[in-house]
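Grab a pencil and have a look at the model below. Then try the exercises before you peek at the solutions.

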Amino acid sequence: MVVGAKPQNIAEDVRRDSDIGNEDEDDIEENGLVESGGATGESSCFLYMWYIQDRKAHFLSAYRLGDSRKKKKKKKSKKKKVEQSEPPRVGLSKLFPDAIFPEGEIQKYKNDNHWRTTSEEKNYNERLAMEDPEITYQSIRRAAEVHRQVRKYARQYIKPGMSMTEIVENIENGTRALVEENGLACGVGFPTGVSLNNCAAHYTPNAGDTVVLQKEDVLKVDFGVHVNGRIVDSAFTLTFEPTYNKLLEAVKDATDTGIREAGIDVRLGEIGAAIQETMESYEVEVGGVVKQVKAIENLSGHSINRYQIHGGKSVLLVKNDDQTKMEEGEYFAIETFGSTGRGRVVESGDCSHYAKIYDAPRVQLRFTLQLHHLVAQGVVQDYPPLCDQKGSMTAQFEHTILLRPTVKEVVSRGIDY
Ligand SMILES: [Co+2]
């Protein structure tokens, strides 16, 4: 056996029978098998098998040497992590090719419900839930990851001087791209709210809106993402001056309190009391005047059903007698609003926030064009902006939580809030 350089005249086509006898005549003396090797590039190397008969070489076969090395290299480049773009436009299926999305923050149930974490029966229920395509947690986790990535960019990008329309388009275009919007299967969860200052909720710019964000504004960004009808409803507040930092801190703390108190069999009225206590322990100093932060008494968090943003249960932000209990498997949007005003909102301004009424006659909802007509038909409900008194400031933080059989999952939790 001889291992030599690959005969040159067959470099082009190793599968063809060739006669190389004339070239290396002196080296080929006996009939038999000959091996020759040669490199055709950095990553591959061939071993050729020849049969020598009557001083002529007949090509038998070629083996690629170093195959494993080449494959490894390929694998490595495939594994190279795809990264999100700026602005965010890379769909999550490219970032998570195995379709396993990050779990939210896990909180154990408190007090009497602590046993759920280790209960065999409850753990069995979890496994069943994960296997059921209708209730699997992957849908809500995918929606939550879209929310985190879209807002990460939005929180850096939103600056005074931008129009409210620009801000909303930035968020909704990002959401559509990342969730890979597809008919009723997944998309934007509800119209994006960008309420300013004394307006706490439900303001979104209509066509022709010319409002521009100012550096002294307090902006609430409330947007939703849904996957298979599982809606993530989460909101944050931005300020560009330090005056209202304490207000934001109060609301963030109050929302976290609501999340901490929430649980299976917990009464909705008790959660309201805990939220209020936290919220009203804060003060804000505005122009030398100290104001106690108030929890807005007529706004509330809410349960979320599949394809239905308001699922029927309300979590008020103040103490109340509601004995309704939270239940296993439910989704809730825990949102709180703090105000330096009266702590009560009224409807004001143009109607710009619409939601489809669940179970309304099925009509294809095409945005804005015929909305007034649809409202009259009872298909969509109009939500006018909700504002506290002029001159006051309001802030909001909101998370979507899932009451799993064993633990509570704060699905929209991120490093930002
Ligand atoms: Co909400």
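A note before you start: residues are numbered from 1 along each chain as its sequence is written. This is a predicted model, where local features need pLDDT of at least 70, side-chain atom pairs count only at pLDDT 80 or more, and totals for chains, interfaces and linings use all residues.

**Exercise 1.** Find the residues that UniProt lists under "binding site", and work out why they gather at one spot.

*Solution.* Step one: an unreviewed UniProt entry places the feature "binding site" at Asp 233, His 302, Glu 335 and Glu 398. UniProt positions are in the numbering used here, with feature names shortened, and annotations may be inferred rather than shown by experiment. Step two: these residues span 166 residues in sequence, but no two of their C-alpha atoms are more than 10.7 Å apart, so they gather at one spot.

Step three: the entry also places a "binding site" at Asp 222, Asp 233 and Glu 398. That set spans 177 residues in sequence, yet no two of its C-alpha atoms are more than 8.1 Å apart, so this set gathers at one spot too.

**Exercise 2.** Decide whether Asp 233, Glu 398 and His 302 are buried or partly exposed.

*Solution.* Start with the rule: a residue is buried if 20 or more other C-beta atoms lie within 10 Å of its own, exposed if 12 or fewer, and partly exposed in between, with C-beta atoms placed from the backbone. Now apply it:

- Asp 233 sits in strand E10 (residues 230–239) and has 27 C-beta neighbours inside 10 Å, so it counts as buried.
- Glu 398 belongs to strand E21 (residues 394–403); its 24 neighbours make it buried.
- His 302, in strand E14 (residues 300–304), has 19 and therefore counts as partly exposed.

Strands (E, at least two residues) are DSSP runs, numbered from the N terminus.

Last step, contacts (C-beta atoms, placed from the backbone, within 7 Å): leaving aside neighbours within four places in sequence, Glu 398 touches several residues, among them Asp 222, Asp 233 and Glu 335.

Conventions: Helix = DSSP H or I, 4+ residues; strand = E, 2+ residues; numbered from the N terminus. Contact = placed C-beta atoms within 7 Å.
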